[in-house]
Amino acid sequence: MDLTDVKTMEMILVFILIGGALYLYATEKLALEVTSLAVICALMVVFHLLPVPGPDGDNLLDAHKLLTGFANPAMMTVLALLILGEGLNRTGALDSAATIVYAAAKGRPTAAIGMALLLVGAVSAVLNNIPVVVLFIPIMQALAVRSNRSAGRYMMPLSFAAILGGMTTLIGSSTNLLVSSAMIELGEEGFSFFSFTIPGLVVAGAGMVYVILILPKLLPDREGETGGAQREAKQFKAQITVRRGSVLDGMTPSAGFFPGLPGITVLSIERGDETFTPPYEEIPLQRDDVLIVAATRERLLQFHKDNPKSLTPEIMSGSGMARMIDADARWRTGAQSVAEVMVTPGSRMVGRTLDTIGFRYRHDCVVLGIERRSRMPRTRPTEIPLESGDILLIQGRRADIEALRGSQEVVLLEWSAEDLPQPHHAKRAGLIFFATVGAAATGVLPTEVATLTGAAAMVISGALSAEEAIRAIDHKIILLIAAALALGASMQATGGAAFLAHGLVYLLGESSPAIVLSGFFLLTAVLANVLSTKATAVLFTPIAVAIAHDIGVPAEAFAVAVVFAANCSFGSPVGYQTNLLVMAPGGYKFKDFIRAGTPLLLICWAAFSLFAPFWFDL
């Protein structure tokens, strides 16, 4: 290698930038978006001063080329899918699917998650991985809630299960089709539908054992780091009104517990002038009964989602004017959020009850529950005098909740704000989503066209507001994708990837075909986590064929190695789009993929290295 050669200098500079970027991503000495922007700027400066001339004399890595990642169809697809996923999540459109899976697992959380991941792997074998992951993100989130676990434990396994399933058939991933097409162009025989299904099942099977049994234990509980543990420890007192025809109407307790109120403790039941206390034997609930309950925020909101009117307490019940105001109240219409506020020591609310304060009319937010460190009487929360330090769980429009920042009566706990699902939009959100997936999966529309149209339809139909759609887009992902695409283009244009591949052949040239195949797989898999899977597949297929011819073995074994290795993008979020899709819902950092995904890459490499020599008779 001539270090004075300009092309060599360019290649070395690209390797230095890649190494520096990976170090900063992993250590987070700089924010992820700052590192991404710095990488893009450094590449533009380097290749402006040291241009890479193309066949027509133009610079292959000018600023226009390096910035095309911001308008790349893959980028637009990821952002559109994030909006579609948010639409499903905000409307609760797929909660019923989670209920079915959970029921099939007989309420066992580990079994439910395992069944869902196996289903993802099976479906990904015949459908594109991206719509499959988008479909299952809200399902896995709902399963996590039902299992009382963090969604961060299962978002990465979801992505990895889809990637593993996509390895098993020709149409499981677009990467597989690219390799097959490249083989045909090189004069080799392309793959049939099940050409690599057997070795694919071996590799995917070994990987799925890790994904289901080990991977969730290695992932961080991000929800616990952002206030989830605080919320879980709190017990809010609330009142539930039994409405006609509701799930509670006519319900009889079993062994003193009400089956329709899982995780919710019933402190007392008020029926007219009568009050019932535990145990509640042979007391069927009746219309207009008021249940005084205690539960965590999560349990109350889960019940509130299924019974949106039952948890809203009636105040000034004797006032007809109050009922007229409530009918058109802002806390009953439009997109709703919940948050927690604390009563301040000097508040005029201290010593007064919710029945007399008029909090909901002054602030357009209704109080769903009260949390107090000391004991409260077993009476309706609306009749309990408030004390300083009480935490109120409130519901209202986000703008009305944010307006409480200026209140002298309460302090808004910023971390506690959370949007509520809009179940009345669930059907239209589900139809839009499945129409989008169907159009993309059948090829009626290109994936990027289908997803962008679907995202626009979510907003136009009212399933999401424009503000909610914008909030669903993670700016970190935008910069991360753009930086990854710029680095990948730089590696290809400067010959960096080809240099590594030829160096491997040189080092292992005297070894057996099995060892060369194993080494080639590992190199390709590592680079798939820096380049995109598609770029890796296109770049390494001709190299695979050349290596096979050089050592005198059939090209199929090395081509299959490219298929599997290019799909092994587990060690970074930039290798494959599904990793980027789950990054925001799982609350992951770059180093989480390195720590949890690298063992899976090595497992797939070991499984292929052990099985391939036998299968391909090397």
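The legends below describe close-up views of a predicted model.

**View 1. Helix α27 and the residue that follows.** Helix α27 covers residues 577-586. Because 8 of its 10 residues are buried, helix α27 is largely enclosed by the rest of the structure. The buried residues are Q577, T578, N579, L580, L581, V582, M583 and G586. Just after α27 comes G587, which takes a positive phi of about 65 degrees.

**View 2. Q239 in strand β1.** Strand β1 spans residues 236-241 and contains Q239. Q239 has a relative accessible area of 3% and is buried, since buried means under 20%. The side chain of Q239 makes a polar contact, at 3.4 Å, with the side chain of T382. The C-alpha atom of Q239 is also separated by 4.6 Å from that of I292, although these two residues are 53 apart along the chain.

**View 3. The stacked rings of F521 and F608.** The structure holds 10 aromatic pairs. One of them is formed by F521 and F608, which are stacked with 4.9 Å from centre to centre and 20 degrees between the planes. This pair links distant parts of the chain: F521 belongs to helix α24 (residues 513-528) and F608 to helix α28 (residues 590-615), 87 residues apart. Ring pairs join F521 and F608 with F191, F196 and F564 into a cluster.

**View 4. F564 and the largest nonpolar core.** The largest nonpolar core has 116 residues. F564 is among the residues with the most contacts inside this core, as are M140, F160, F520, F558, F570 and F608. Leaving aside neighbours within four places in sequence, F564 is in contact with M167, F196, P199, G200, V203, F521 and F608. Another core lies apart from the largest one and has 28 residues, including V242, M251, V266 and F276.

**View 5. The salt bridge between R380 and E270.** Side chains of opposite charge can pair when their charged atoms come close. The structure has 8 salt bridges. In the one between R380 and E270, the closest N and O atoms are 2.8 Å apart. R380 sits in the loop between β6 (366-371) and β7 (391-396), while E270 lies in strand β2 (residues 265-271), so the pair links parts of the chain 110 residues apart. R380 is partly exposed, at 22% relative accessible area, whereas E270 is buried, at 13%.

**View 6. The salt bridge between E340 and R297.** The closest N and O atoms of E340 and R297 are 3.0 Å apart. Strand β5 (residues 337-343) carries E340, and helix α14 (residues 297-306) carries R297; the two residues are 43 apart. E340 and R297 are both buried.

**View 7. The salt bridge between E409 and R348.** The side chains of E409 and R348 meet at 3.0 Å, N to O. E409 is in the loop between α18 (398-402) and β8 (410-419), and R348 is in the loop between β5 and α16 (354-357), 61 residues apart. E409 is buried, with a relative accessible area of 8%; R348 is exposed, with 59%.

**View 8. A network of salt bridges.** Here R372, E387 and D390 are linked in a network of salt bridges.

Technical notes. Residues are numbered from 1 along each chain as its sequence is written. This is a predicted model: local features need pLDDT of at least 70, side-chain atom pairs count only at pLDDT 80 or more; totals for chains, interfaces and linings use all residues. Side-chain values use heavy atoms; hydrogens and water are left out. Buried means under 20% relative accessible area, exposed over 50%, partly exposed in between (1.4 Å probe, protein chains only). Helices (H or I, at least four residues) and strands (E, at least two) are DSSP runs, numbered from the N terminus. A polar contact is a pair of N or O atoms within 3.5 Å; within protein, one must be able to donate a hydrogen and the other to accept it, and residues adjacent in sequence count only if both atoms are side-chain atoms. Rings of Phe, Tyr and Trp (its six-membered ring) pair if their centres lie within 6.5 Å; planes under 30 degrees apart count as stacked, over 60 as edge-to-face and the rest as tilted. A nonpolar core is a set of buried Ala, Val, Leu, Ile, Met, Phe, Trp, Tyr and Cys residues joined through side-chain atoms within 4.5 Å. Contact means heavy atoms within 4.5 Å. A salt bridge is a side-chain nitrogen of Lys or Arg within 4 Å of a carboxyl oxygen of Asp or Glu.
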